[in-house]
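Reader: I'm new to this one. Could you show me how to read it?

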Amino acid sequence: MSRTGSHPSWGRIPVSSPARVTRPVSGRTPLPSPDDRPVLPYGNGRSYGDVVINNDGTLIDTRGLDHFLAFDLDTGVLECEPGVLLADILRLAVPHGWFVPVTPGTQYVTVGGAIANDVHGKNHHMAGTFGRHVLDFDLATSDGSTRVCSPTTNHDWFAATIGGLGLTGLITRVRLQLKRVGGAFMDVDTHRFDNLRAFFELSAASEPDYEYTVAWVDCSATGSKLGRGWFMRANHRPAMGQPNAAGPRPGPNFALTPPFSLMNPATLTPLNTLYFHRKRRRRFRAAQHYQPYFYPLDGIRNWNRAYGPAGFYQYQCVVPPGDAEASITELLERIGASGQGSFLSVLKVFGDVPSPGLLSFPRPGTTLALDFPNRGDSTRRLLDSLDEVVMAAGGAVYPAKDARMSAAAFQQYFPRWREFAGYVDPGFSSDFWLRVTGDTA
Amino acid sequence: MNRILIVGATSAIAEAAARRFAARGDALFLVARNRDKLEPIARDLSIRGASRATVHAMDADDLGAHAAMLDAAEADLGGIDTVFIAYGTLPDQAACAADPAAAVAAWHTNAVSVVALVTDVANRLERQGAGQIAVISSVAGDRGRASNYVYGSAKAGVNAFLDGLRHRLHGSGVSVLTIRPGLVDTPMTADLDKGPLFASADKVGGDIVKAIDGRRAVVYTPGFWRVIMTIIKAVPRTIFHRTQL
């Protein structure tokens, strides 16, 4: 067995060695016996760091709880168990003209995981987070009780569980409101931009008319080119022709982990520069199936192995709107000067739709996300220096992607964490939670 | 649309196959011991597109219950195109070696009840002049091994039974498929350490649906098990006895 174990995190840095893994099935008591505490739900393993690690405890593998319970084709209300993947929902719902209301960059996350991390997507400026579209759920706790939670019933448990990193109990049933679409295709409008100022201008101009906005940014560019990239804005295409055309076939697979990271200082600048200049035109429009549009990396199975056996860190932060441009400039300068970073760098302006969870990450401002191949101390020092910028700006770092932020940083980023701690089930824990609460919980 | 009877419908492999049947609108009659486990599966399959998903609780060990179940399935579906038998237990080999009653119980579930059920099914389908019988056996039936020979020998009995039945039904319009999965990551194997040879129930379910569609006679899933078992069968006994298989 590899050092990341059978239930690893996506970034493959924290060692996963649970004492036990249980796999509840439908119709049975989902929680393990008290002897097996502390427990932590584990969905499809797409969280990057140690929010899915519970060493020497028990992981509750929820993928067996993957049944649909009801689907109303007229209202788009879907009821399901927490181990259902967004991919399963899309396969079921798109042919009927319904779509997940919010989706992260992979469809291979469970509904339970999407709630526990209160995930966001390219439509954050209009739709807010995933949790805003949850109508209600059942939460089983280790005292043997089950609570129905919604914005009006047990609303405090609802707010604690959304973004609650699986620590408040096990979600056993969810009702979601899906959104109407005309079919499987997107109208995508792509622009090249030359610097960070141009990104902010494009984003502001696009937000009113485009449901989805996001930018790829060249994190190797410096000086006057700092923050250059491609801006992608899109809407669902109205019904026409063959709305339910099948998506693309599954792409290649990283069946084995290469002995070193394919992302390294020798490949970083050429890959980014080539991608920036991939088209001669500065703007192009296309109709695109939702799968390559929303999930380009899902086309390469196990892409995380490209970072080699040492794994990688993902860093995603948000900085407040007032001085976002200055903060992002400072972050990109520090990353550019380090020679680290990678090819997968993303910028997006969040909207001001309030996030429902006590620990929800999205808040008004600009978010930057990028991968760093794990080069040990030098990478951690760089990420600590990025935290200095984010802390000074009054921003936050995303727990779902984190494997290293300090307790002090977490407690500043999530000022309601003590209130949240009152809802943490005494039978539940995670390595992340132990790390960021230190001795103060 | 196919009319499909699934016995052992709460098994992970059966469910993976059933989701594929449901997505193309097949009519399903779902049989298992535990109605509480069966009902959410049936509801799920209906939502995924099954034109019918009727549940029927039956313990396959109770041979006297088979005929009534088959009558109910024929009545509910209006005739049966495919019978998919997916139940089984993985007995504790050490317990079976120590206790004759445990060995016989393992044989009863994994061999005797299958022989009884398939005999009744075969006669019904033969009368109707069409249909397909698909039975999950195991690669363990290919050679008896110290670690698992009670289960393996029950599956070997099923394999030979199905070979003979296929021979008998040749030309009758009824086909017989023997499914030989290798190691599959399911609740049945929850207590085994998982190595790289383990396949997902979803992969195996997909292979089974392809073999049913192709009206194959024997399918190893994943396919590499055909090679592994060919080698295991070829090892001379003097060497085989020194292994820990």
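Author: Below we go through a sheet, a helix pair and a chain contact. This is a predicted model, where local features need pLDDT of at least 70, side-chain atom pairs count only at pLDDT 80 or more, and totals for chains, interfaces and linings use all residues. Residues are numbered from 1 along each chain as its sequence is written, while chains are lettered from A and ligands numbered from 1 in the order in which they are written.

Reader: In what order do the strands of the open sheet in chain A run?

Author: Strands (E, at least two residues) and helices (H or I, at least four) are DSSP runs, numbered from the N terminus. Two strands pair if DSSP finds at least two bridges between them. Here eight strands pair antiparallel in the order β14-β11-β13-β12-β16-β17-β15-β18 (chain A).

Reader: Why do β14 and β18 of chain A each have one side without a neighbour in the sheet?

Author: They stand at the edges, so each has a single partner strand.

Reader: How do α8(A) and α9(A) pack?

Author: Two packed helices are described by the angle between their axes and the distance between the axes. Axes are lines fitted to C-alpha atoms, for helices over the stretch in contact, and angles run from 0 to 180 degrees between N-to-C directions. For α8 (residues 324-338) and α9 of chain A, the angle is about 170° and the axes are 10 Å apart. That makes α8(A) and α9(A) roughly antiparallel (angles over 145 degrees).

Reader: How many residues of chain B are in contact with chain A?

Author: Contact means C-beta atoms, placed from the backbone, within 7 Å. Eleven residues of chain B touch ten of chain A.

Technical notes
Contact = placed C-beta atoms within 7 Å. Parallel < 35°, antiparallel > 145°, perpendicular 65-115°, else oblique.
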